[in-house]
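Here is a short tour to read alongside the sequence and the coordinates.

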Amino acid sequence: MIGITGSVVILLIIISSASAGVSAHQWDYIVIGAGASGIPNAIRLAERRNRVLLLERGGPSLYDSGGLMFQADWMKGSPLTSFDVWSIFSVAGTTRGNTSDPVYCSQSVESAACILGGGTAVNAGQHFRPPERYWDKYFPDGWKAKDMRRANDEVSKRVPASRFTSPDEKEYHIEVYPILSQIFKGMDFTEVDMVEEWNRKEKVFGRDVFSTVRGQRGGPLRGYYLDLPPNKYLTLQMNTKVNHLVREGGHIVGVNATYKRKWKIYKAKAVILAAGVFNTAALMFNSGIGPKDQLELATKLGWNNYDPKDWIDLPVGKGVYDNPTIPVQINHTDTQIYNTTDKTELLTTRTGPYTFYGRVLVMFWDIPVGNTVIGAQTICSPSASVDKRFSCPWYVGEGISSNADVIYTPAGRIHWRGNPYFSDPGGLDITAAATSLRGFLVAGTKFDPKFKVVAPDPNKYDITSIESLKTYVNSTRTGNNHWQGSTKLGTDDGTKGGESVVDVDCKLYGTDNLYITDAGIAPRMTTANPVYMVQVFGEKCAERIHRSRRKRSGDCD
């Protein structure tokens, strides 16, 4: 394989323009990935009169975006697709790893949505604003709570959260809530409004909240794009796979992408990666940016054609986090199975039980362990398959230190190496999980005689013993697909031995015009479901990028 130096890349662009297709137009920005951060980032840059090309690997999702191929038979004739309807937030026929899958990226072992809206088109839609302590504890100056209020408020305005999924504010299948309210109150928890009291995330519980609009899925695709007038500065191009960046040293010339089965080079003054933790890492490995072992493997796979002397050594993919999830099942005679079949109200007025999918109560609890504090969380729902049963999957998040690395497998899949779940040397993560789970299960049996623990199986595990619950936690834990931290934001330059990949302006160290805005820039795990935070990243990075580049003469109009 011939190594490609930066100067040869430029030459190739020039001599290949007739046959390969080199865009004669130079954009101010190319944003890669129309998901949780990419949509807000592209829109906000376009609103500042920058010419923005937003490239999305997948096709449309919501009905209003053109996603008609995802209409179930009963939806025909209505302005709905399976992505719009909350009770079908996992679209049938889109199994992970299927190379013919139209929704999830086939190259990623983990579920990474390659469709307009990204993860916000397929997720459960929970919409929790991070507490101010998160920004103050983990982020550098310029990203502290006081600096983040405008970006947070803008996301709240454009993508509002609500406990009501049905516009008439009727609620369905909520028997679990009064049961658990009494238990948590018995544990001295405080009941809060998760929208109005968003900053309270310590020993509190309340109704789950969602990004919902008119009885249908909301999110940034609606709040930032579909529900606004067209912006002449923004061009969205779907079904476009970006193969690698085109760069000369640390300067990005554009991107090499495949569109309608032909590859083309799109030129830009700056490029912004918002493709998600796994796909952003893969694009950088393919572009000669990252740890040496991954660049060597990408070269062997035929995807990285940059000469080793032009590689940029950065800790891309290092220290990625996810929420470990532990199954918890409770039997209770006062609950009912969640089994919704009547779609009439949904189809006629966008109201009724089909606007809901069962998640009722959320709890946050800080657990002191060793010399740190780790946040526990649960979201409780009635069972959709077993009557008189509900589930409260148990998570730990903010403060955990277990992590892994994003890598290529020898077969060319993008995955992780190591163990991101309960692998910290001091065992603090699993202690926090077992301690908090014990507190909940013991309180449930104490305050409610109808509260019968099914999982953990009381015949196998002692729910009063932290050590026994550690065994249960370690043997049953799964991931939650809340990946963060693969391209960390910070002031410790990764090209000089630090851990950070991007600086406070979201710019990649070692480059002058490459930026990252997705969940990878989180320095540590956030407090709750991360999608709200990732939209804030899109907002804040748009502000920082625009402002920093305006200081450089001629870069922006």
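The report below starts with model confidence, then turns to a helix pair, several residues and some backbone details.

## Model and confidence

This is a predicted model, in which local features need pLDDT of at least 70 and side-chain atom pairs count only at pLDDT 80 or more, while totals for chains, interfaces and linings use all residues. Residues are numbered from 1 along each chain as its sequence is written, and side-chain values use heavy atoms, with hydrogens and water left out.

The protein has a mean pLDDT of 91, and 92% of its residues reach 70 or more; pLDDT is the predictor's confidence in each residue, from 0 to 100. Residues 1-19 have pLDDT below 50, and this stretch has 34 contacts in the model beyond near neighbours in sequence. Contact here means heavy atoms within 4.5 Å. Residues 91-100 also have pLDDT below 50, with 14 contacts in the model beyond near neighbours in sequence.

Helix H2 (residues 38-47) packs against helix H4 (residues 145-158) at an angle of about 100 degrees, and their axes are 13 Å apart. Helices (H or I, at least four residues) and strands (E, at least two) are DSSP runs, numbered from the N terminus. Axes are lines fitted to C-alpha atoms, for helices over the stretch in contact, and angles run from 0 to 180 degrees between N-to-C directions. H2 and H4 are therefore roughly perpendicular to each other; angles under 35 degrees count as roughly parallel, over 145 as roughly antiparallel, 65 to 115 as roughly perpendicular and the rest as oblique. On the H2 side the contact is made by Ile 43, Arg 44 and Glu 47, and on the H4 side by Arg 150, Glu 154 and Arg 158. These residues divide into one nonpolar, no polar and five charged. In this scheme Ala, Val, Leu, Ile, Met, Phe, Trp, Tyr, Cys and Pro count as nonpolar, Asp, Glu, Lys and Arg as charged, and the others, Gly among them, as polar.

Glu 539 sits in helix H12 (residues 531-550). With a relative accessible area of 0%, Glu 539 is buried; buried means under 20% relative accessible area, exposed over 50%, and partly exposed in between (1.4 Å probe, protein chains only). Not counting residues up to four places away in sequence, Glu 539 touches Pro 40, Arg 44, Arg 150, Ala 151, Glu 154, Val 155, Arg 158 and Tyr 224.

## Buried loop residues

Which residues does Asn 513 touch? This residue lies in the loop between strand E21 (478-479) and strand E22 (514-516), and it is buried, with a relative accessible area of 1%. Leaving out residues up to four places away in sequence, Asn 513 touches Gly 250, His 251, Ile 252, Lys 269, Ala 270, Val 271, Lys 507 and Arg 549. A polar atom of the Asn 513 side chain lies 2.9 Å from the backbone oxygen of Lys 269.

Ala 274 belongs to the loop between strand E10 (262-273) and helix H7 (277-286) and is buried at 7% relative accessible area. Ala 274 and Gly 33 are 241 residues apart in sequence, yet their C-alpha atoms are 5.0 Å apart in space. Apart from neighbours within four places in sequence, the contacts of Ala 274 include Val 31, Ile 32, Gly 33, Thr 517 and Asp 518.

Gly 117 is in the loop between E2 and helix H3 (132-138) and is buried, with a relative accessible area of 1%. Beyond four places in sequence, Gly 117 touches Ala 34, Gly 35, Ala 36, Ile 39 and Leu 221.

Leu 236 is in strand E7 (residues 234-237) and counts as partly exposed at 22% relative accessibility.

## Backbone details

The peptide bond from Ala 455 to Pro 456 is cis, with omega near 10 degrees. Pro 456 is in the loop between strand E20 (452-455) and helix H11 (466-476).

Arg 49 is not a glycine, but has a positive phi of about 65 degrees. Arg 49 is in the loop between H2 and strand E2 (52-55) and is exposed, with a relative accessible area of 58%. Lys 388, likewise not a glycine, has a positive phi of about 60 degrees. Lys 388 is in the loop between strand E15 (372-382) and strand E16 (389-391) and is partly exposed, at 33% relative accessible area.

Conventions: A polar contact is a pair of N or O atoms within 3.5 Å; within protein, one must be able to donate a hydrogen and the other to accept it, and residues adjacent in sequence count only if both atoms are side-chain atoms.
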